[in-house]
Amino acid sequence: MSEVVFLSNTNIQIASGSPASDGVKVSKLISSPLPEGAVLNGVVMDQEKLTEAIKLAWQANKLPKAEVTLILNSPQLRANRVEAPLLADKKTNEFIERETKDTEYGRFQNPVTGWYMVSKDAKAKTQCVVYETAELDFVNKYVEIFANSGLKLKSIHNGVQLATEYFTKQAAGKTLLYMILDGKSLVTIFFAEGKYYYDSTSRVFAQPGTPEFAREIYSSISSIRQFISAQHLNETVKDILFCGLSNTQVNQLANDILNIDSAADISLAQPPQGTTISGNQLLFPFFVYPIAGLRRIDERMPILKNTKEAKKKKEDGSGLKKLALPFILILAAVLIAYGVCFMIKTAKTSKLASIDSYNNNPNVIAQVNEYDTMYGNMADMGNIQGGVDLLKSYIDSYPIPDSSVNKKILEAANKHAVKVYFNSYSATSGIFSITASSPKVDDIHLFIADLMAMDIFENVNYTGYELASDETNWQINVVCSLAAREPASEAVSEEEVN
């Protein structure tokens, strides 16, 4: 029996159970409130509040304190799938290290990586693995939080990749979407003929049950269809399985989507074959991530093991310094003693008196005290400067719609003979609104596919195809969300590394 914890922005979800030969056995599902502002997108904002909340959840439900797995969806815990040669674990470690060198390692100052095997093809001599990378301090903070809560943390994993693997068997041979809503965060996972292709995470602002919510969900479906078109896949997305809403809410969403697109069939996601849940099975759509974490995971290099090894190396390095320090101090003391003895032997009494007089001079003592005070003030100023530097980095990363953005949009439009009209930009949301028109709808598709490939945009959505008043041109409204800018200092360091 083990416990899997998923931390959202609003609550703590716990699934108690064990892996089965063909799935998982869930004995208990628990949801406990999380103090507001304690966690934001998987990043700990208030360590004391989070520690206390975990303690209370365990005490209230009398849960075992060992074999605890933590599931997070956070930009600070990046997960990627990769096809690798079928090698021994040590060689696979080296392969993944090369894979992450120019990607994930470039994003973190002190990264730590773990990986687990998803599947292997002995005939092709390949294996599919998921590697997860995080900042060492990020992992250590969670280890410390669970230790202070009296719990033993066994492993940490990315929730989206676990959910993807969990639904793979159910999606076999099918083309469909899984949509998982967690608060305001919507994860979309795309399978084509049973093969995982793509996942994305977006923000949802409208409340479930409203027409605005249905339009936002349809926008995410349209984004996947754009991806299919850009990848030249001969697939049609019709079936959408939804998690994170009740059956009534899903039915309402399905009716609202039918008014927009009659080809979209939205239904409530059901537990994959092999999943058994004791108690209320209606809770399944709300506990996808922790339930997926109960599956048997073939961890070859757990991220926590790498974290411990990195910590041990650090401690060993500092231990050597500690061992060498006494010898250095003793040697320095011997040299000083020898010099003092030599000076005592050769120096004149008057010189000794002069030195003693200088050391006890009130003016000299006053200057030393003044220096100590100034040194303390300089340390305080350094802390303030550090805060200012952090604020500057936030400001530098804020997206700015300068002329270069317009230029890239116009270049993509001219490439496909599409006319573009710039409508508006919202500094609050970072949304850039334009209207594109062309006599050929396919040209507009290609133009939007080019926009999606640009790294200056975090997200590109389009809606409202209509024939213009001249009845010769088609036009569509396109909404582009600008991506955060890379700070200048980081950009320079990456170029130097390359």
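Is E165 buried or exposed? At 18% relative accessibility, E165 counts as buried, because the limit for that class is under 20%. This value, like the others reported here, was computed from a predicted model.

E165 takes part in a salt bridge with R81, in which the closest N and O atoms are 3.4 Å apart. R81 belongs to strand β7 (residues 77-85) and E165 to helix α5 (residues 159-168), so the pair ties together parts of the chain that are 84 residues apart in sequence.

Side chains of opposite charge can pair when their charged atoms come close. The count of salt bridges in the model comes to seven. One of the pairs is formed by the side chains of K154 and E67, with an N to O distance of 3.5 Å. This pair also links distant parts of the chain: K154 is in strand β10 (residues 153-158), E67 is in the loop between α1 and β6 (68-72), and the two are 87 residues apart. K154 counts as partly exposed at 39% relative accessibility, and for E67 the value is 39%, again in the partly exposed class.

A further salt bridge joins D298 and R300, the closest N and O atoms being 2.9 Å apart. D298 is partly exposed, with a relative accessibility of 32%; R300 is partly exposed at 28%. These two residues belong to a network of salt bridges that links D89, D298 and R300.

Two helix pairs were examined for packing. Two packed helices are described by the angle between their axes and the distance between the axes. Helix α1 (residues 47-61) packs with helix α4 (residues 136-148) at an angle of about 45°, and their axes are 9 Å apart. At this angle α1 and α4 are therefore oblique to each other. Their crossing is right-handed. On the α1 side, the contact is made by Q47, L50, T51, I54 and K55; on the α4 side, K141, Y142, E144, I145, F146 and N148 contribute. Sorted by class, the contact of α1 with α4 holds five nonpolar, three polar and three charged residues.

In the second pair, the axes of helix α6 (residues 211-230) and helix α7 (residues 247-258) come within 9 Å and cross at roughly 70°. The angle falls between 65 and 115 degrees, so α6 and α7 are roughly perpendicular to each other. The residues that meet are F213, A214, I217 and Y218 in α6 and L253, D256 and I257 in α7. The contact of α6 with α7 comprises six nonpolar residues, no polar residues and one charged residue.

Two serines in strands were also considered. S119 lies in strand β8 (residues 111-121) and is partly exposed, with a relative accessibility of 38%. Apart from its neighbours within four places in sequence, S119 is in contact with Q127 and C128. The C-alpha atoms of S119 and K91 are separated by 17 Å, the two residues being 28 residues apart along the chain.

S481 is located in strand β21 (residues 474-482). With a relative accessible area of 18%, S481 is buried. When neighbours within four places in sequence are left aside, the contacts of S481 are with G430, I431, I456, F457, E458 and N459.

Backbone torsions were considered for two glutamates. Most residues other than glycine have a negative phi, and most peptide bonds are trans. E193 has a positive phi of about 50° although it is not a glycine. E193 sits in the loop between β12 (185-192) and β13 (195-203) and counts as exposed at 56% relative accessibility. For E471, phi is near 60°, a positive value in a residue other than glycine. E471 is placed in the loop between β20 (457-467) and β21, and its relative accessible area of 63% makes it exposed.

Notes
Residues are numbered from 1 along each chain as its sequence is written. This is a predicted model: local features need pLDDT of at least 70, side-chain atom pairs count only at pLDDT 80 or more; totals for chains, interfaces and linings use all residues. Side-chain values use heavy atoms; hydrogens and water are left out. Axes are lines fitted to C-alpha atoms, for helices over the stretch in contact, and angles run from 0 to 180 degrees between N-to-C directions. Helices (H or I, at least four residues) and strands (E, at least two) are DSSP runs, numbered from the N terminus. Angles under 35 degrees count as roughly parallel, over 145 as roughly antiparallel, 65 to 115 as roughly perpendicular and the rest as oblique. A crossing is left-handed if the near helix is turned anticlockwise from the far one by less than a right angle, and right-handed if clockwise. Contact means heavy atoms within 4.5 Å. Ala, Val, Leu, Ile, Met, Phe, Trp, Tyr, Cys and Pro count as nonpolar, Asp, Glu, Lys and Arg as charged, and the others, Gly among them, as polar. A salt bridge is a side-chain nitrogen of Lys or Arg within 4 Å of a carboxyl oxygen of Asp or Glu. Buried means under 20% relative accessible area, exposed over 50%, partly exposed in between (1.4 Å probe, protein chains only).
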